[in-house]
Amino acid sequence: VQLDASVTFHYAILTSSSINSPEGVLCGRLDYDGIGWVALAVSKDMKMAGSEAIIGLPGDNTVLKYNLNGMAGNLVSPM
């Protein structure tokens, strides 16, 4: 899915029968054609606080899952 001119989200949905699990799984890759950080967040209530995000930091060469406990930087913590 082309999100804008420089961001594309590639994904596949694995059904519960294909992974031998009671629930399906979303597998994805977020590509950014540029320099900077990228993030993908999931929310049950459409709010940032209380959600989870996957954030890639190119300077640190890391991709980690984070708890978004609030909108201030000090409230975002690795899981």
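Good morning. A residue is called buried when its relative accessible area is under 20%, exposed when it is over 50%, and partly exposed in between, with a 1.4 Å probe and protein chains only. By that rule Phe9 is buried, because its relative accessible area is 16%.

The model before you is predicted: local features need pLDDT of at least 70, side-chain atom pairs count only at pLDDT 80 or more, and totals for chains, interfaces and linings use all residues. Residues are numbered from 1 along each chain as its sequence is written, and side-chain values use heavy atoms, with hydrogens and water left out.

The structure holds one aromatic pair. The ring centres of Phe9 and Tyr11 lie 5.7 Å apart with planes at 15 degrees, so this pair is stacked; rings of Phe, Tyr and Trp (its six-membered ring) pair if their centres lie within 6.5 Å, and planes under 30 degrees apart count as stacked, over 60 as edge-to-face and the rest as tilted.

Tyr11 is in strand 2, a strand being a DSSP run of E with at least two residues, numbered from the N terminus. At 47% relative accessibility, Tyr11 is partly exposed.

I turn now to Thr8. Strand 2, which covers residues 7-14, also includes Thr8. Thr8 counts as buried, with 17% relative accessibility. Its side chain makes a polar contact of 3.1 Å with the side chain of Gln2; such a contact is a pair of N or O atoms within 3.5 Å, and within protein one must be able to donate a hydrogen and the other to accept it, while residues adjacent in sequence count only if both atoms are side-chain atoms.

Technical notes: Helix = DSSP H or I, 4+ residues; strand = E, 2+ residues; numbered from the N terminus.
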